[in-house]
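Good morning, and thank you for coming. Please look at the display first.

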Amino acid sequence: MSQKNRIDGGLIDRQSTLNFTFDDHHYTGFKGDTLASALLANNITLVGRSFKYHRPRGILTSGSSEPNALVELIKGSTKEPNSRATTIKLFDELKAKSQNCWPSLKYDVQSINDCFAPFLTAGFYYKTFMWPKSFWEKVYEPLIRRAAGLGELVSLPDPDHYDRGYRHCDLLIIGAGAAGLMAGLVAGRQGLNIIIAEEDFLFGGRLLGENEEINGMHCHDWIENVVNELKAMPHVRLMAKTAVFGVFDQQTYYALERFTDQIDTIGPRQIIWEINSKHVILASGATERHIAFGNNDRPGVMLASAMRDYTNRFAVRPASRVAVFTNNDSGWLTARDLDKKGIEVTAIIDVRSEYEHQKIAKKYPNIPVYSQDQIIKVHGYNRVKAITLLNGAKIHVDGIAVSGGWNPSIHLTCQHRQRPTWNDAISGFVANEASLPSGMKVAGAAKGTYTTKMVLQDGLNQANIVLSELGHASSKMHTPSANDDTYHGKTFWSVKETKQRAWIDFQNDVTTKDIRLAVQEGFYSVEHVKRYTTLGMATDQGKTSSVIGIGIIAETMNKSIQETGTTIFRAPYVPIAIGALGGPHSGKHFRPTRETPSHQFARENNAKFVETGAWLRSQYFPDKNESHWRESVNREVLGTRNNVGVTDVSTLGKIDVQGKDAAAFLDKVYCNTISTLNMQRCRYGIMLREDGIVMDDGTVAHIANNHFIVTTTTANAVQVYRHMEFCRQCLWPEMDVALISITEQWAQYAIAGPKSRHLLEKIIDNDHDISNTHFPYMACDEISICNGIRARLFRLSFSGEMAYELAVPARYGDALIRHIHEIGKTFNLTPYGTEALGVMRIEKGHAAGNELNGQTTAGDLGLGKMVSKKKDSIGNVLSEREGLTDPMRLVLVGVMPCDSKHKITSGSHIFANNLACIPDNDLGYISSMAYSPMLNSYIGLAMLRNGTDRFGEKLRAVNLLQNQDIAIKITSPHFYDPKGERLRG
Amino acid sequence: MKINHPLLGPRNESEFTILGDAKLLNRPNILESNQAQAFYEYLYLRDNPIGMHRELWFHEQGDRSWLIVTRNTLTHEISKVELAANVVNKEGQAK
């Protein structure tokens, strides 16, 4: 039968029937239902199994504090575990499955754990899996891992997408219940820019589940009027399905909007909002807690307020014969409302005396009341069947409405390590008003104000305070008429006469006995008890359970609740999917991809690309008939060395340095002297860190008067620029010098090889003479190419060949590489990539990233003489430290295998023959290697202990990870053209 | 966290990178005697207090100003933001 528990009324749309499945059975519900209310409407009360004992569990709450009703939401090939059925807005074709049960929800194998409960007490893992030690990794851990955890993850990528947004307002109101809506109405009418964030998909908060009057109308109508008025205000933004989960520095709040959730695929599924607001009214309400009594976890036991929600809001009969068990007045409201809807209430069991509850009892003459009584036991397994009271009476019921009092939702007031205060009058923790986050006010039930009238009044008052703080006139509005019955409750945590286990934390299966045992075993701090028993550590973070736990600790230790205290509150207040935190920054969008000016050309020419930082650079350009990358690289090297090659070097950092003091400034940041560099000349430069280690290397070009262009390595471009700005602004601000990064403004190509000059002559304009006499090695100049296009030419060589670097404004980069390629055809031009570049630099013995690794000094790299002692420069003083000038340091050398067929590996360590491969005998390591087509052998660069004295020595390169032990000989790092004749040619 | 940039107004912390103790402004004079000790103290002996702290921040994703931010490291309250160059110039004149 379809929806047999559906009753009249409620805030559902009976015209919109929605189909859904739970554990593959088909059901229907209505628009406005949650999955939980739709399940209850279909008489499904058993929805899951608990974590440890696999006990059958039903729906406890009607909102985000739900510990039990966790399901897997299934969408296509993916599923989301641990979704709270009480917060999932029902949609058509929703598919959900129960979790933590096998083979089925009703007959679960691991429920046998329940029989072993005496062994599975607090600290079970700590006590049991201690010995033998060797069992831990192979036996215990796999065992625990299989049994532990709720739900299952899918290892496929998340098909949904998420977004991140920023919003600003004068006033952020968190929670749209009576207090929040009232505050919004007051501040909205005075014209404030407001955001009202509500976790639920409907506005109204607690009032949605109540059946009372405000301003002479039903509270649901009052909500509708207020929401409609607010919606019509252009300066008010109502955000439903939006949970503010964190309070951060300087009035920054983070909220999770479940934007489309699983309803459709248009738009992001969830959005994380950063909301900036100097003023905040926290109107987050309060959540009800339960009472611990024997078998109080049976399906059918429900919070009293949740029963009202299902009856009044969702038009669902949560049970047909209900007993109310309460320690406060609000439990009685449930009895009243169920009775009004024709649901039988068989008993109100109030732990208070007749005298204590007399005021409210007067209004309920028709229901049997058991004063100063308690439920000591629940009968039934998959569903409540009956209860036994302290006085011995047994009553047949199929539902129990429990109210153990209310916990103001103070989480957001305490995220900066504030400690809340225990308020005995309402038997709950409230925020410490003196230590609220700056700009925050608390209104309504969130600060323990529990009558509708007073909550509305508080919302109004707090809004008026904000208005006056912002210099606005305060509102003349009056508090609407509403229920003003005072609230009375009595602190009561658990039924001590119970012989059965009494649950505190339903999700993690923590019982009163576990807490008492933990205290007995010496865990006195609430933080320790929490971790030892796992109280409040499940996905619901103890919203219903932790205060009960604290109460029982206090009772057991004979301390006050204030002395016992709470655990520390930390963001987030609600569970946040990792995907939502990542927002749009996933996969390729994690960071931008930087493409070089020749990228399109390279793609058309079949280039393979390599990621270097954010850059995509051409790695090599395979020919059709080449099957191995090394064939391509060898061809590119030989083509460059024999004829001419071209490669994109735009990724090198380029910094433009100008000003009267530019040269003096560069003397400070480079360890070698720059101020003696003539105009139209370049110089190799090394920057040290202040501690004397090499930071980066590059070239300095004195391109015009007081105008230099310096280059950095690709990898260090950002850090070097930051460092130079630090030097300029923080150390020598009196210097007349300006810096700007021009890395992306200029496209730059290296043209290298014996025919490079001939090729260039066909590209540059005629009036520039680049003959060896006029434009020798290390010359530079501003020139023009292709009939007047501005360009810069540098005669630099990384390859060791006669070579030039030609730079043009980046917008000409694509055209230039195509032009070079076209002209180059007559010179057998070879485009080459980073691999060939690397081979040629190793052949030349140039240090690069692998050698500039943050451990090496200029001396280690054979460049010690460059550190000028005639001037101050960064790192100069500390580069002379004892440890950095030790003659036994590792220095740069070349290595070759004794047998040229042997391959050496980067990272291999070097040992003398016949010595054990242990750290004590370690002589250094191979930092770079390549196959050199010029030498027909593998070659490498290595950092070797007093290496310069070892040229010619035969040692071993050992790589224990790859079982390699290769005989090598030590050489000068300059394998190819050591005298540099080719580059000057 | 937001940093109230003296030229640009409040900017999100994600636009900045932090270097730490503003003591790094006081680089020893190269002519000082016992340079090695002075540089050692300058580079390695830096404060990292709980509470108010003067720190160097770089507006990397912005105007590339180096700033001196006086910040409470416990509460993240920022009480003062200055351009480093202005501070150094002023201190230079005071000397």
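Which domains does the domain assignment of chain A give? The assignment, whose bounds come from an automatic or database source, lists domain 1 (13-110), domain 2 (162-286 + 408-469), domain 3 (290-404), domain 4 (502-557), domain 5 (606-651 + 745-840) and domain 6 (653-741).

A word on conventions is in order. This is a predicted model, in which local features need pLDDT of at least 70 and side-chain atom pairs count only at pLDDT 80 or more, while totals for chains, interfaces and linings use all residues. Residues are numbered from 1 along each chain as its sequence is written, chains are lettered from A and ligands numbered from 1 in the order in which they are written, and side-chain values use heavy atoms, with hydrogens and water left out.

I turn to the two chains. In contact, meaning heavy atoms within 4.5 Å, are 29 residues of chain B and 27 residues of chain A. The buried area between them is about 2300 Å², with 57% from carbon and sulfur atoms; buried area is the accessible area (1.4 Å probe) that two parts lose on being put together, summed over both. Of the area that chain B buries against chain A, B:Lys2, B:Arg27 and B:Trp66 supply 27%, more than any other three residues.

How many salt bridges does the rule find across the interface of chain B and chain A? There are 3, where a salt bridge is a side-chain nitrogen of Lys or Arg within 4 Å of a carboxyl oxygen of Asp or Glu. One salt bridge joins the side chains of A:Arg722 and B:Glu60, at 2.7 Å from N to O. On the side of chain B that touches chain A, H1(B) provides the largest share, 7 residues; helices here are DSSP runs (H or I, at least four residues), as are strands (E, at least two), numbered from the N terminus.

Finally, consider domains 5 and 6 of chain A. Their centres, taken over C-alpha atoms, are separated by 25 Å, and each domain gives 17 residues to the contact. Together they bury about 1300 Å², of which carbon and sulfur atoms give 59%. On the domain 5 side, A:Met778, A:Cys780 and A:Arg792 lose the most area to domain 6, together 37% of what that side buries. Between these two domains of chain A the count of salt bridges is 0.
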